[in-house]
Amino acid sequence: KGTIYDIKMQPNGLLFSGIDFRELYHNKRLPMKELLVYTPVAKIRLAQNGNVVKKTEDSSLFLQKLSDYMTGIYVDKTKISRVKLNYGYSIDNDKTGFFDTSFDFELENLSLDSATFYRSDKIFFADGFKVSFSDISLQLADDFHNLFVDSVSLSSSGQSAEIFNMKVMPVYNIAAEDSIMRVHNEIIEIDFPKIQLSGADLHNAFFKKELIIDDFRIINPTINLKSYNISEEEEKSKVTYQTELYSLISDYLFKINIHNLKMENGSINMVHQYKNQPPFEMSNLFSVRMINFQLDSLSSRNKEKLMFSDHIDLILKKQSFSLADGVHKIDAQEIGIISTENRIYFTNAKVYPDMLSPGFKKIPIAIFANVPSIQLSGTNIITLVNKGVLPASTVKFINPEIKLLFQQENIKKNTTNENTLAAIKGIDLITAEDVSIVNG
């Protein structure tokens, strides 16, 4: 394969200050206090094609040409202001992408010579950098989703960043949506108004394409996940958002590892549809904390992880779901799934039948219940996710009020244990060593 780079850069102005001409004349070294580059426009095109055979030139050629005039360039402070960058690539005439942005760039102690050119401990040949991006648009690796960001502020010295209004959106470039669904049956829409991160290993990200972050905080996120025409075979083989999510970043990063990830006051909306069945829809307000989040090519295969993490503490607001009899429902003001403490809780839960359901007239007993608190301890969330089995050491119902409506005709007819009432839809088995009702 051959790789062709086409790089065009046109600065509108350059300013050099504090140049030591004596050092340049006697020792061919160019030290200066400051270098300013004004409003450059850079266009980069990469073409990789199996039919092109071209010998790529080693980057040392730059040093050879530089050494004809000087042995090194040293700048205390370098500023590049109001840069316009347009990067596009084409691989095998099949995959294309782009990255557009504007940014301001500042380097501290730039050093470019034969000793520093190959050093991997310096990013951009400098001791540190600050960069502010604006109006970012980026085509993600699946060629279907794009990423947009209003602004990013990044500092190597503080290993921190702030990101404002980051969105991931699908590109609807096909007229009919059902045509889109036949090609892309999983759609991700993300809106993160504000992201704060600290303890980022930018050196590792730059040289190894592995991004390691200590703390990552997302405020008021909105996540929309849609899957259409999913077959049961695809569901069993785990062709899910886990593999889809990695495919979005795989062109740019091999791995993302976040030690402590928090999403606060978020909203999540899910639409999941099996082939030839009506869609299942769910909307929730949520907050979540993830411990040791890791996204890489093997993430979706790791059965010991929860949403790519060692632990998750998930809180859902105003959650509603159905019981296995297809008639009764549970509404809860708040549900907490706290894997760091191996417990699950429900606050202000209500159990009631859907009287308009076709199955209501067939059930022997209808339950109406108000339970201020349900506590499950000693739970195993990984077993629940992987096997549909929820084991617990203790289950407590605190201050419940329960009303039972007996339908005598159906009691006589019901001679089996079909449609077990206590089972929650989607959970095959719930086990508990101790179950207690307090002040019922």
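A residue counts as buried when its relative accessible area is under 20%, as exposed when the figure is over 50%, and as partly exposed in between. The model used in these exercises is predicted.

**Exercise 1. A salt bridge and its cover**

Find the residue whose side chain meets that of K305 in a salt bridge, and state whether K305 is buried or exposed.

Solution. 
Step 1. The partner of K305 is D310, with 2.8 Å from N to O.
Step 2. The relative accessible area of K305 is 17%. The limit for buried is under 20%, so K305 is buried.
Step 3. D310 has a relative accessible area of 31%, which makes this residue partly exposed.

**Exercise 2. Aromatic pairs**

Classify the ring pairs F103–F105 and F103–F133, and name the residues of the cluster that ring pairs link.

Solution. 
Step 1. A pair of aromatic rings is described by the distance of the centres and the angle of the planes. The structure has four aromatic pairs.
Step 2. For F103 and F105 the ring centres are 6.1 Å apart and the planes stand at 85°. An angle over 60 degrees counts as edge-to-face, so this pair is edge-to-face.
Step 3. F103 and F105 are both buried; for F103 the relative accessibility is 14%.
Step 4. For F103 and F133 the centres are 5.4 Å apart with 50° between the planes, and the pair is tilted.
Step 5. The F103–F133 pair links distant parts of the chain, 30 residues apart: F103 is in strand β6 (residues 95-113) and F133 in strand β7 (residues 128-139). F133 counts as partly exposed, at 22% relative accessibility.
Step 6. The cluster linked by ring pairs is made up of F103, F105, F129 and F133.

**Exercise 3. Core and surface**

Which residues touch the most other members of the largest nonpolar core, and which residues form the nonpolar patch on the surface?

Solution. 
Step 1. The largest nonpolar core has 81 residues; F216, F286, F346 and L376 touch the most other members. Strand β10 (residues 186-200) gives the largest share of this core, six residues.
Step 2. Setting aside neighbours within four places in sequence, L376 contacts several residues, including N342, I344, F346, L390 and V395.
Step 3. The surface patch is formed by I365, I402, L404 and F406, with about 360 Å² of accessible area together.
Step 4. Three residues of the patch come from strand β20 (residues 401-406), the largest share. L404 is in strand β20 and, at 47% relative accessibility, counts as partly exposed.

**Exercise 4. A buried asparagine**

State the strand of N146, whether N146 is buried or exposed, and which residues N146 touches beyond four places in sequence.

Solution. 
Step 1. N146 is part of strand β8 (residues 145-155).
Step 2. The relative accessibility of N146 is 10%, so N146 counts as buried.
Step 3. The residues touched are F98, L138, Q139, L140, K167, V168, M169 and V171.

**Exercise 5. The whole chain**

How many helices and strands does the protein chain have, and what percentage of its residues counts as buried?

Solution. 
Step 1. The chain has eight helices and 21 strands.
Step 2. Of its 440 residues, 38% count as buried.
Step 3. The chain exposes about 25,400 Å², of which carbon and sulfur atoms supply 54%.
Step 4. Of the contacts between residues at least 6 apart in sequence, 65% join residues at least 24 apart.

How values were computed: Residues numbered from 1 in each chain as written. Predicted model: local features only at pLDDT ≥ 70, side-chain atom pairs only at ≥ 80, totals over all residues. Heavy atoms only, no water. Phe/Tyr/Trp six-rings, centres within 6.5 Å; stacked < 30°, edge-to-face > 60°. Buried < 20%, exposed > 50% of the residue type's maximum accessible area, 1.4 Å probe, protein only. Helix = DSSP H or I, 4+ residues; strand = E, 2+ residues; numbered from the N terminus. Contact = heavy atoms within 4.5 Å. Patch = residues over 30% accessible without salt bridge, like charges linked within 9 Å, V, L, I, M, F, W, Y side chains within 5 Å. Areas by Shrake-Rupley, 256 points an atom, 1.4 Å probe, with all protein chains shown as cover. Salt bridge = Lys/Arg side-chain N within 4 Å of Asp/Glu carboxyl O. Core = buried A, V, L, I, M, F, W, Y, C linked by side-chain atoms within 4.5 Å.
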